[in-house]
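Welcome! Please take a moment to look over the sequence and the model, and then let us walk through some of its parts together.

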Amino acid sequence: MNPASAPGGTLTDNAEVAGIVQASSDMLPVHADILAQARQFAGPLLVNCQLPSGENELEHADGVANILAQMGGAASLQAVPYLVYAADHLSRPQEMIAQAFGEEYAQLALQATRLMRLQQSQRVQPGSSLGTQAEQIEAVRKMLLAFSRDLRVILLRLASRLQTLRHYAATKLPVPHALAYEALHVLAPLANRLGIWQIKWEMEDLAFRFLEPDTYRDVARLLDEKRIGREQRAEELRRIVRDGLGEQGIVANVQARPKHIYSIVKKMRGKGLDFEQIYDRMALRVIVPEVKDCYEALSWVHSHYDAIASEFDDYIAKPKANGYQSLHTVIRQQGPDGRQRPVEIQIRTQEMHDHAESGVAAHWAYKEAGAKGYSGHSANSAYDAKIAVLRQLLAWERDFAAGGDEAPSPEQPALLEDKIYVLTPEAAIVELPQGATPVDFAYSVHTSLGHRCRGAKVDGAMVPLNTPLRNGQTVSITAAKEGGPSRDWLNVEQGYLVSNRARAKVRAWFNALVLQDAIARGREAVEKLLQREGKTALKLDDLAGQLGFSDADALFEVVGKDEFSLRNIEAVLKPQAPQLSQDEFLLQKQAAKGDRKTHRPAPKGGVLVVGMGSLMTQLAKCCKPAPPDDIGGFVTRGKGVSVHRADCPNYRSMVRDNPERAIEVQWQGLEGGAAAYPVDILVQATDRAGLLRDISELFAREKMPVVGLHSDAGKEISHMMITVQVSDTHRLNKVLGELAVMEGVMSARRR
């Protein structure tokens, strides 16, 4: 029997969906009697084989082809299910299918087969935790999104799953929990996004029936009539409303929509309602050309039926937050048994309807296609149909990213745009950035595998390591037993790495090599010094601890990088002069206060420690004092006297904690003004052209060399820290005054 001629009604009357399915079919080459040829080709291979569900493979392919036909798919698309299942029984499936039907059919069959196997590998068993189920759903969503660039693969999977659910319903065999769970939470929402409503409703009801059989039976019993009866009543009401509005001159597209069991349960649970509170167990959708027609249609309905006043909502005058617009009213309809049953009626324009059904993607035909359409194609072309579907899929992905039907935030990336999904040989899914290579894949699996990567196979064929990967490919890595990455991998032009994470791991490996070389050089230098000083028995970790390092390697690193002088080590190794105790130091300090004239003069332009003679001093970096600032000294441990400005917060804090270490200091030999002192200046200014040049010229004119500059540029305001050398701060104050009035400068002060 030709599946296309099998009995059964059309799955959908939606013209847009039918056009999309037809457009997908048109993407395949047309052969004479292609459906019969495909069935004849696959029949001998499938007739005696069974699927894991127990269904005969040929019967399953017949069912899938029949569903595709009811969706509006052409014979070329209906032929593909036979090739998909035949591929498993061919030694060289791509070559043999391509030879018989063409490369396009071969590629499509293998893509659909690959997606089917992936879904099977990701299913979890009954009793799994919610976390595991959520991971399963997320994995399947990623796979569907990865394959969704080819709509035909998605249509094949939807039809195949519906056929499988129909088989379980007919045979009453136990249904795998994971299969039904995936159908309800992933595939049915995807069918909804594509506008294939009947697949969505039938798949939801069947999957829910298998997952919660008791609840399903309870709701079915409450409905008190079979689905056929409900649909007949809905069709009768649809004709009455359509004809009545037509007599009033209102051209309306009236659609009957009996609510399905899962939809009723979902609404009861979502709103906490009892069954009797669900008024839209059966509903009509009235679609009219203009807004004024909406209210005229509402007037006719209310004049012919008893309306429930509390259930009227005007979402046209007051749209919902998501932009939804429609008139909602609930009427009472008398059934054949004389009972009054509530029926919801929704009245809206076509544009409102498309927005409600498809979200942001609904406006593609109205707002963007225009008279010439995309790139010169007409609005009814296969090109526009494909654009619409891709936008539907994108919106579906964003719904999941947002965790529901609410609109996603702008920050949420679209998986369709920047991600691909490839497989390990064990069929684990690996998410990679668009354009990723086998090297990116290796680093994503494990850092060690990435370092040792030497070759790669993609779908069983050897490829260069800089080959861009595509969705659904299986990648295996050939790795050396030891070794590291190539420096060529960091060369952007050669295209070995796309992932920032993988590139960082390669850099870290080479940085570790540099570090090891520095440690080796440092160790050699330190060990030679110890031999020269006759200190080979000294423990290296103890030596590092004396110098303030955590371990010997930390010491070797700075020595190997020439950041630490060996003279510092020599100073530790040589015997030190006995140091004064704290009490002896303070006694000497107090004695020195009585004879301030006994010191030797300090160098010109230096700092004199009063009463202590020529003692080592250093200017504090935190406040950078310069003459004639008021200054104070603080005796440090091992570094002499640190000289601070008297108003320095650090100095005040140290003196407060250790007052005995404070010491009097003063500037010495300032009359010549020969010495220069570094001073930090903080400048806040608007970002204007030439500002830095003007500031530099001012300091040059005043003979204050700029020795350091750090700028933090914001969107409107820049913050600069400029280090200049000055001989005294009197002249600096004059320059700061001139700087403060310069164009664009908001403030200028000394740090």
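Two strands count as paired if DSSP finds at least two bridges between them. Helices (H or I, at least four residues) and strands (E, at least two) are themselves DSSP runs, numbered from the N terminus. Residues are numbered from 1 along each chain as its sequence is written. What you see is a predicted model, in which local features need pLDDT of at least 70 and side-chain atom pairs count only at pLDDT 80 or more, while totals for chains, interfaces and linings use all residues; side-chain values use heavy atoms, with hydrogens and water left out.

Strand E18 (residues 677-686) runs antiparallel to strand E20 (residues 717-726), and 10 bridges link the two. To find your place there, look for Ile 681, which stands opposite Ile 722 in E20. E18 also has an antiparallel pairing with E21, this one over 5 bridges, and here Leu 682 stands opposite Arg 749 in E21. As background, strands of a sheet pair through backbone hydrogen bonds, either parallel or antiparallel.

Now step back to the whole chain. There are 29 helices and 21 strands in it. Of its 751 residues, 45% count as buried, where buried means under 20% relative accessible area, exposed over 50%, and partly exposed in between (1.4 Å probe, protein chains only). The accessible surface comes to about 38,200 Å², and 50% of that belongs to carbon and sulfur atoms; such areas come from the Shrake-Rupley method with a 1.4 Å probe, and for residues only the protein chains shown count as cover. A contact means heavy atoms within 4.5 Å. Among contacts between residues at least 6 apart in sequence, 65% join residues at least 24 apart.

Three strands form an open sheet in the order E10-E9-E11, with antiparallel pairing. Strand E10 (461-463) and strand E11 (475-479) each have a single partner strand, so one side of each is left without a neighbour in the sheet. From one strand to the next, the twist averages 35°. Strand E9 (residues 453-458) pairs with E10 over 3 bridges, and Val 458 stands opposite Ala 461 in E10. Helix H20 packs on this sheet, where it touches E9, E10 and E11, and its direction makes about 85° with that of E11. In the loop between E9 and E10 you will find Asp 459. This residue has a positive phi of about 55° although it is not a glycine, and its 40% relative accessibility makes it partly exposed.

H20 has a helix partner too. Helix H20 (residues 438-445) and helix H22 (residues 500-533) pack at an angle of about 80°, with their axes 9 Å apart. Axes here are lines fitted to C-alpha atoms, for helices over the stretch in contact, and angles run from 0 to 180 degrees between N-to-C directions. H20 is therefore roughly perpendicular to H22. H20 brings Asp 440, Tyr 443 and Ser 444 to the contact, and H22 brings Arg 501, Ala 502, Lys 505 and Val 506.

E13 runs parallel to strand E15 (residues 641-645), joined by 3 bridges, and Thr 617 stands opposite Val 641 in E15. The loop between E13 and E14 holds Pro 628, and the peptide bond from Pro 627 to Pro 628 is cis, with omega near 0°.

Where does Met 742 sit? Met 742 is in the loop between helix H29 (729-740) and strand E21 (745-750), and at 17% relative accessibility it counts as buried. Leaving aside neighbours within four places in sequence, Met 742 is in contact with Arg 688, Leu 691, Asp 694, Ile 695 and Leu 698. For contrast, visit Lys 703, in the loop between helix H28 (691-701) and strand E19 (706-713). Lys 703 counts as exposed, at 69% relative accessibility.

Technical notes: Parallel < 35°, antiparallel > 145°, perpendicular 65-115°, else oblique.
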